[in-house]
Amino acid sequence: MSERDVFEYALLRVVPRVERGECINAGVLVYCRARSFVAARTHLDETRLRALDPDADVTGVRAALRAVEGVCAGGAAAGQAAGDDAGRRFRWLIAPRSTVVQPGPVHTGLTADPAAEAERLLELLVR
C-alpha cells in the first residue's frame, strides 16, 4: 500500500443570487501539504444553475471557475498569487467571499494520490 498523506478539500459553490442562499456545487479544491499539491477541478451544470436563476451570468461564472483553476496552477495564470506556495494559494482561495462563486467549509482526509482524489471528489460531489 502506498503511503497516504493528509489532504484538505473544499467545494466550490455557485450562489447565483446571494440573497436567496441557494447554491450548486461546481468544483472542488484539493490541497496536500506533504506533496506541495493544490488543484481545482470544476464542472458547471448550466441547466442546474439556470434552474436557480434563469438570468445567471454563465459566462462570468465560468470565468471565475477558470480563475480559481489558474490560481491553483500557479505561474502566470495565478496573477498576484504566482509567487505563493501551494498552501498560501489554497488558503487564499478558501477565504470566505460574498461573490457568486464561494468556497465551502474545509474537510480533511488521507490520500496516496491527491490528483486522483480531486477527480474522485469532483465525480462524487459535483457531477
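**Exercise 1.** Determine which residues of helix α3 (residues 86-94) are buried, and where they sit around the helix axis.

*Solution.* Begin with the terms: helices are DSSP runs of H or I with at least four residues, strands are runs of E with at least two, and both are numbered from the N terminus; a residue is buried under 20% relative accessible area, exposed over 50%, and partly exposed in between (1.4 Å probe, protein chains only). The buried residues of α3 are A86, G87, R89, F90, L93 and I94. They cover an arc of only 165 degrees, taken from the directions from the helix axis to the C-beta atoms, and therefore lie on the same side of α3. An α-helix has 3.6 residues a turn, so residues three or four places apart point the same way. Finally, the buried residues of α3 pack against β1, β2, β3, α2 and β4.

This is a predicted model, in which local features need pLDDT of at least 70, side-chain atom pairs count only at pLDDT 80 or more, and totals for chains, interfaces and linings use all residues. Residues are numbered from 1 along each chain as its sequence is written, and side-chain values use heavy atoms, with hydrogens and water left out.

**Exercise 2.** Decide whether E117 is buried or exposed, and find its contacts.

*Solution.* E117 belongs to helix α4 (residues 114-125), and it counts as buried because its relative accessibility is 10%. Beyond its neighbours within four places in sequence, E117 is in contact (heavy atoms within 4.5 Å) with F7, L110 and T111.

**Exercise 3.** Classify A51 as buried or exposed.

*Solution.* A51 lies in helix α1 (residues 46-52), and its relative accessible area of 64% means that A51 is exposed.
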